[in-house]
Amino acid sequence: MKDFLVGHYYLTAVCLILCGISVLLSWYGRKLQAKEVVVIAALSGIATISRAVFFWIPQFKPISAVILVSGSIFGPVSGMLIGILSGFLSNFIFGQGPWTPFQMLGFGLIGLVGGWIKTDRKWIASVVGFFTVLMIYGPIVNFASMLMMRQDISLSGFWLIELSGLPFDLIHAVSTVVFLYFIWHPMRGKLMRFKTKYRILQR
């Protein structure tokens with residue numbers, strides 16, 4: 001399984017996209033509307049661009065904040081799909097590799113969590129964003145690093161990788177808080193007006 005994931009990352013990424021869509025839609029028992037697909041594609045593009053613009057600062061990226069805000073407005077289904085697609089698309093800029101499916105999963109879960117945020121309070125979103133990045137996205141990507149290093153998969157090996165990756169995860173988590181501080185209300189306001197105007201349901 002490890003060799004398959006590492007050697008067939010494009011196939012794994014596409015399977016993850018398809019499985020993510022199928023599971024989410026089955027879970028919520030509905031079909032995507034055409035206008036939802038347009039919104040998901042547009043916000044995935046915005047998240048991708050936001051990551052590319054800050055390419056010169058390692059780990060300090062607004063992509064997680066953008067995904068979290070998007071999920072909070074359009075719900076967990078759209079949020080997770082935006083996260084999954086953003087991870088896939090942005091790696092055409094940052095480089096595809098065996099880590100891509102894991103980053104897609106991590107970003108997707110950030111969007112899923114964002115869809116569960118029912119409050120407009122910025123500080124709550126910042127706390128959720130910080131710990132989601134640190135305790136969900138970080139461990140998933142660190143596990144991918146363990147696979148790519150071809151070392152034996154073990155709990156002790158994972159904690160060693162997790163510890164070595166902690167500074168990078170903290171930078172990512174802090175950057176998410178910083179960007180949420182600046183974009184939470186402005187971006188939510190614009191997306192809410194768009195959602196109301198075109199009657200896009202949050203489910």
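Predicted model: local features only at pLDDT ≥ 70, side-chain atom pairs only at ≥ 80, totals over all residues.

Reader: Got it. How many helices and strands are there in the protein?

Author: There are seven helices and zero strands. Reading from the N terminus, the order is α-α-α-α-α-α-α.

Reader: And what share of the residues counts as buried?

Author: The protein has 203 residues, and 49% of them count as buried.

Reader: Nice. Which salt bridge turns up, and how far apart are its closest N and O atoms?

Author: Asp120 pairs with Arg188, and their closest N and O atoms are 2.9 Å apart. A search of the whole structure finds one salt bridge.

Reader: Where do Asp120 and Arg188 lie?

Author: Asp120 is in the loop between α5 and α6, while Arg188 belongs to helix α7, so the pair ties together parts that are 68 residues apart in sequence.

Reader: Is Arg188 buried or exposed?

Author: Arg188 counts as buried, because its relative accessibility is 10% and the cut-off is under 20%.

Reader: Changing topic: what about pockets? How much space lies in the largest one?

Author: The largest pocket holds about 520 Å³ of space. It is lined by 24 residues, and those closest to its centre are Arg51, Gln59, Gln103, Tyr137 and Val141.

Reader: Which elements give two or more residues to that lining?

Author: Those are α4, α5 (100-114), α6 (122-148) and α7 (155-197).

Reader: Let's go to the surface. Which residues form a nonpolar patch there?

Author: Phe55, Trp56, Ile93 and Phe94 do, with about 480 Å² of accessible area together. Phe94 is part of helix α4, which covers residues 63-94, and is partly exposed at 31% relative accessible area.

Reader: What does Ser44 touch, leaving out residues up to four places away in sequence?

Author: Ser44 touches Leu81, Ile82, Leu85, Ser86 and Leu89.

Notes
Residues numbered from 1 in each chain as written. Heavy atoms only, no water. Contact = heavy atoms within 4.5 Å. Patch = residues over 30% accessible without salt bridge, like charges linked within 9 Å, V, L, I, M, F, W, Y side chains within 5 Å. Areas by Shrake-Rupley, 256 points an atom, 1.4 Å probe, with all protein chains shown as cover. Salt bridge = Lys/Arg side-chain N within 4 Å of Asp/Glu carboxyl O. Helix = DSSP H or I, 4+ residues; strand = E, 2+ residues; numbered from the N terminus. Buried < 20%, exposed > 50% of the residue type's maximum accessible area, 1.4 Å probe, protein only. 1 Å grid on protein atoms, 1.4 Å probe; cavity = no way out; pocket = protein on both sides within 12 Å on 5 of 7 lines; lining within 4 Å. Points joined across faces, edges and corners; volume = space filled by probe spheres on them.
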